[in-house]
Every structure is written in structure tokens, then in C-alpha cells.
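Come along while I look a few things up.

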Amino acid sequence: MNIGFDKKLSREALNLAYPVILGMTSQTILGIVDTAMVGRLGAEALAATGFGSAIFLGFTNFFGALGVGTQALTARRYGQDDESGCGRVLFNALFIALLVSIPFSAAAFAASSLVFPFVSEDAAVAEYGVAYLEYRFLGMLFVLLNVALSRFFNGIGNTMIFMKAAIIINGLNIVLDYVLIFGNLGFPRLEVKGAAIASTLATIVGTGYYLSVSMGRGYYRRYKYFRSRNLDRPNLWSITKISFPPGVQSLLTTAGFFAFLWIIGRIDTTDVAAAVIVVKVTSFAFTTAIGFGIAAATLIGQYMGAAEFDTAEKSVWESAKLGAFFLGVFGLIFMILPVPLIKIFTNHQDIIDVAGLPLRIVGFIQVFDAYRIVLEHALQAAGNPQWVMFSEIAVNWFVLIPLTYILAIKLDYGACGAWVSLDVFIVMLAAAMIWKFRQSRWRAISI
């Protein structure tokens, strides 16, 4: 791995990454605006949407791992100059989305009123939460269709479509929030239910955008995806085989992060609030790393498909170095200017006082996080998602959680000990991904 940048490969990685970063940034902005709007309804409404969003996100992250297999296989077929093969991957991914989402949505809709009272004992929170979840789960099909379609386009190297779709979806969501939550412009005031309906309608419009693009600009003529004969067992199995480990990984690491927050909650409620702020501040850096991870996944798949394994490896290192550069800048900003960043999200001085040190601690390991995220995406796309899954779950549950408890609670280092544990977690995972990728065994994986 050279320290300097390869001009050609860096340009390829940047061109693939920046639309993803911009698209995901629009999602981050939506989250901030959405929280601000619902927050005007009161604490119960905010708690209900917080719990509801976490539940919905947990399931969508699991099923949304469908995108990992879709992009990996699409990129590999694209590199092999097999355009009809790319189309078959998309058709089978869409079939899986239909097969999974329809029965799950029906069951989740019916179960929402039974499950939410266990989440919160507050009757108002439970009532709001049930309404929110019901309407969100109605849109699960369109969420998964969007995942499959966006990852197909990412796989063929057109990440601009994802960016445009994300901006359309998130921009429309903000407008619909404004009219449906508060009853503006002649619409009924639906409050929390309106927030859920806004998200679902915006997602449906996003699906319409993806489908309209897929039928135009010569895409359908080239890739021939919407044909029933494209449905085949090998593609169904390959997509599932690659996508299932990231889905399990997402569920268990999300649970691990909740355990991390639970331990922090045993220190003080203010520390939990500070943790939420730190996550929001660092989300922009995380989004940037994901962008370069998507770029790495596309490039390694395409170059492996073309049997250019040395270039595939170099492209991943270029993506990782670029990610490390940008996250290094973020990290310096987090360490030098923590208070101004925290004040963007809160004016409570007690939270500001507590959040400063964790943000500095997290800023220290941003470069390592870039390598972790980019190489995880690359290994998944190369056909080794199992290593990523087992490594992340193992380090999460057998290092992060016990170490957080020991340092924060047993040794009484408080929140400082918890965030140092997170640094150890990220550095260990980055080292594991670098070690595995440098072994180059991924070169022999056929998908």
C-alpha cells in the first residue's frame, strides 16, 4: 500500500463516493429536521417516534442488507461485461424484496399494537408509537425496492442516481412533514401519524423515480431486467448468501450499541444525552466513510469481474486512503472545536460540558474508522461477508461491551472510560479488516 495517491483510481473513487455522501447527507438533514418538527408536539410524541424509528430501522437494516449482495453481484457481472447478468441480479433482488416485505409488513402491522406497550409504559407514548409503526411498516416494500434499485445502479457505477433519489425522497419528506404533522396548507393535522405517512409517501415517490429511470436512458434495453425468465435459483441463492451475514451483523451490532448506551445510562442521564449529540455530530464523518465504502465495493467488484485483481486491490486502498484523509480532517475539527459543534444541537450547558471530551476522544480515531468501514465494504463485495460479520459481532460483544462496563462502571472512569472503549473497538476492527484484506484470499472468491 503506497502512501501517495494514484490519480486515476482516486478520481474513480471520488466520482463514485461524492454522490453517495451528498445523498446520505440529505438523509442526515432530514433526521435533524424531522426531530425538530416532531419535538414541537411534546415529549411523548418525540419519545414515540424515537422508539418507533429505532424499531423500524432495526428491521430495515436487517432486510436492507439485500443491497450488499445486489451491489456485489451487479458490480462483478458488470466487470465481466455481462449486462444481461446485471439485469438478472436486479430482477432476483426485486423478487426477494417482494417475497420478504409483503408478509413481514402484514405481520408487523398487526403486531405493532401488541409490541409497543412493552417498549413504553406511558400510554400516550404507546398510542403515538403504534400509529407511527403501522404506517412505517406499510412502506417496507418500497424501502426494499429502493435498496435493490439503488444498489444495482451503484454496482454499474452510476451513484448519481442514488444521490438524486435521496434528495427527492428526503426533500419531499420534509415538505410532507410540514403539511401533515401540523395540518398546514389545508391538510389535516395528523401529528405523529403524519410523520410516518410522510416518510412512507416519500419512499413510494422514490420508488417511482427509480423505476422511471430504469425504464429510460437505454438502461432497460441494455440490462433487460424486467423479464420473468430472469428469475433463477443461482442468483436468488447468491444474493441471499452474501446479504444474510451483513443483515445479522447489523442487528447484533445495533443491539450492541444500545447496550453501550445502556451502560452509559447507568452513569448519568446527561451522559446519555451527550452520547446522542456525539453520534449526531459524527454522523457526517460516518456518512463520508460510507460513501468511500460504496465506492470501494463497486470498484473491487468491477475489477475482479474483469480479472484485474491488482487494480481491484489498489482501488480499495485508494478509497480507504481518501476516506482516511477526509475523516482525519473531521477528526481534527472534532478535537479542536467540540463546543461550537455541540451547540448546533443543544443549548443545555450541562450537556455541552459533558459532550466535549467524548467528541474529542472519538475524533482521535476517525482515520481508523475510515479504514474499518471502507475495508468492510470491500470484503463484503469481494464475497467474504462472513469474516466481516463474525469480526464485528465478536469485537462488539466480547470487547466493547465488557470493556465499557469495566472502565466506565467498575473502575469508575465514567463516560471517558466508555468512549475510550469505543476507540479500542474501532482500532481493533480496523486492524482485523486490514489484516484480512492484505491476505488477498478474497482474490480467489467466485460469486
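Before starting, I note one definition: a residue is buried under 20% relative accessible area, exposed over 50%, and partly exposed in between. I also remind myself that this is a predicted model.

**Entry 1: Asp82**

I looked up Asp82 with those cut-offs at hand. Asp82 has a relative accessible area of 22%, so I put it down as partly exposed. I found Asp82 in the loop between helix H3 (66-79) and helix H4 (83-119). Setting aside neighbours within four places in sequence, I listed Arg77 and Arg88 as the contacts of Asp82. I then checked Asp82 against Asn384, which is 302 residues away along the chain, and their C-alpha atoms are separated by 22 Å.

**Entry 2: Asn230**

Is Asn230 buried or exposed? Its relative accessible area is 7%, so I marked Asn230 as buried. I placed Asn230 in the loop between helix H9 (219-223) and helix H10 (233-265). Not counting residues up to four places away in sequence, I saw Asn230 touching Gly87, Arg88, Phe91, Asn92, Lys224 and Tyr225. Arg88 was already on my page, as a contact of Asp82.

**Entry 3: two positive phi values**

Next I turned to the backbone. Glu191 is not a glycine, yet I read a positive phi near 50 degrees for it. I found Glu191 in helix H8, which covers residues 191-214. Glu191 has 22% relative accessibility, so I count it as partly exposed.

For Asp412, also a residue other than glycine, I noted a positive phi near 60 degrees. Asp412 sits in the loop between helix H16 (385-410) and helix H17 (414-439). Its relative accessibility is 64%, so Asp412 goes down as exposed.

**Entry 4: the whole chain**

How many helices and strands does the protein chain have? I counted 17 helices and zero strands. The C-alpha atoms fill a box of roughly 55 × 50 × 35 Å along the principal axes. I compared the radius of gyration, 22 Å, with the value near 22 Å for a compact globule of 447 residues, and the two agree.

Buried residues make up 55% of the 447 residues. Among contacts between residues at least 6 apart in sequence, I noted that 82% join residues at least 24 apart. The accessible surface comes to about 19,200 Å², and carbon and sulfur atoms account for 66% of that surface.

Last, I looked at charge: the chain has 32 positive and 27 negative charges, and their mean positions are 11 Å apart.

Notes: Residues are numbered from 1 along each chain as its sequence is written. This is a predicted model: local features need pLDDT of at least 70, side-chain atom pairs count only at pLDDT 80 or more; totals for chains, interfaces and linings use all residues. Side-chain values use heavy atoms; hydrogens and water are left out. Helices (H or I, at least four residues) and strands (E, at least two) are DSSP runs, numbered from the N terminus. The radius of gyration is taken over C-alpha atoms; the globule rule is 2.2 Å times the number of residues to the power 0.38. Buried means under 20% relative accessible area, exposed over 50%, partly exposed in between (1.4 Å probe, protein chains only). Contact means heavy atoms within 4.5 Å. Accessible areas come from the Shrake-Rupley method with a 1.4 Å probe; for residues, only the protein chains shown count as cover. Lys and Arg count as positive and Asp and Glu as negative; His and the chain ends are not counted. The place of a charge is taken as NZ of Lys, CZ of Arg, CG of Asp or CD of Glu.
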